[in-house]
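Here are my notes on this one, written as numbered points. Have the viewer open while you read, and start with a term that comes up again below.

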Amino acid sequence: MGQTTEGHRWLETDGGPFLLTSASTLNSWTGYEGDYDLVIDATDAGNSLPYAVAGRNVVVLGDEPLRTTILESRHLIVQWIYANSEDDILVNASEFDLDSIEWREGPVLESDGALVLMDSAIPGAEATEESKLVWQWQAGRARLDSAEVPLAPHCAAKLHRLVPMTES
């Protein structure tokens, strides 16, 4: 379910975590029809940080169903922990010094030029425009680094940034 604030759509899930995948592989994700068991197993094993699903081009954003949006201009996925308002968290995430954050290097994802963020319980073939966010991103490999940060007094978020990977 998506809500729009100042040009940004926020997504929420029914209790499960979000996933990020390439648009070209979206329809192969079966969600509650099978693949979601992989998410439950990983969560039960204690994975609270973003992780890749083995053998799939999918990254699960940990285990919390936090309200989530994308700030494409900063290459960020923002998950709302607490704030006075959506505008408050967006302004602070837009202005925060990203170089001051101690990022945890995360899993690598292959992009075909577009990435999709959605509820991991939904089968990709059933994802609607309202239930997903599409992120235009360069083709190639990217690493998803993460951090949980206080953005300002009474404002905190989980931030996930995409870092392009160059072949060496």
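1. Contact, as I use the word here, means heavy atoms within 4.5 Å. With that in hand, take Ile101: leaving aside its neighbours within four places in sequence, Ile101 is in contact with Phe96, Ala147, Val149 and Leu159. Bear in mind throughout that this is a predicted model.

2. Ile101 also belongs to the largest nonpolar core, which has 19 residues. The members that touch the most others are Leu76, Val78, Ile89, Ile101, Trp103, Leu151 and Leu159. Two or more residues of this core come from each of strand E7 (76-82), helix H2 (86-95), strand E11 (140-152) and strand E12 (155-164). Another core, of 16 residues, lies apart from it and includes Leu11, Phe18, Leu133 and Ala142. As background, nonpolar side chains tend to be buried together in soluble globular proteins.

3. Now the sheet. In what order do the 5 strands of the open sheet run? The order is E4-E5-E3-E9-E10, with antiparallel pairing.

4. Going through some of the pairings: strand E3 (residues 18-22) is joined to strand E5 (residues 58-60) by 3 bridges, and Thr21 has Val58 as its bridge partner in E5. Between E3 and E9 there are 5 bridges, with Ser22 opposite Leu115 in E9. E9 and E10 are likewise joined by 5 bridges, and here Ala114 stands opposite Gln136 in E10.

5. Is strand E9 (residues 114-119) mostly covered or mostly uncovered? Mostly covered: 6 of its 6 residues are buried.

6. Thr13 is one to zoom in on. Thr13 sits in the loop between strand E2 (8-11) and E3. Why does Thr13 count as buried? Because its relative accessibility is 13%, and the cut-off for buried is under 20%. Its side chain reaches the backbone nitrogen of Gly15 at 3.1 Å, and a polar atom of that side chain lies 2.6 Å from the backbone oxygen of Gly16. Beyond its neighbours within four places in sequence, Thr13 is in contact with Phe18, Pro65 and Asp119.

7. Last, the aromatics. A search of the whole structure turns up 2 aromatic pairs. In the pair of Trp135 and Trp137, the ring centres are 5.7 Å apart and the planes are at 70 degrees, so the pair is edge-to-face. Angles over 60 degrees get that label. Trp135 is buried at 1% relative accessibility, and Trp137 is buried too, with a relative accessible area of 6%.

Methods. Residues numbered from 1 in each chain as written. Predicted model: local features only at pLDDT ≥ 70, side-chain atom pairs only at ≥ 80, totals over all residues. Heavy atoms only, no water. Pairing = 2+ DSSP bridges. Helix = DSSP H or I, 4+ residues; strand = E, 2+ residues; numbered from the N terminus. Buried < 20%, exposed > 50% of the residue type's maximum accessible area, 1.4 Å probe, protein only. Polar contact = N/O pair within 3.5 Å; in protein donor to acceptor, adjacent residues only side chain to side chain. Phe/Tyr/Trp six-rings, centres within 6.5 Å; stacked < 30°, edge-to-face > 60°. Core = buried A, V, L, I, M, F, W, Y, C linked by side-chain atoms within 4.5 Å.
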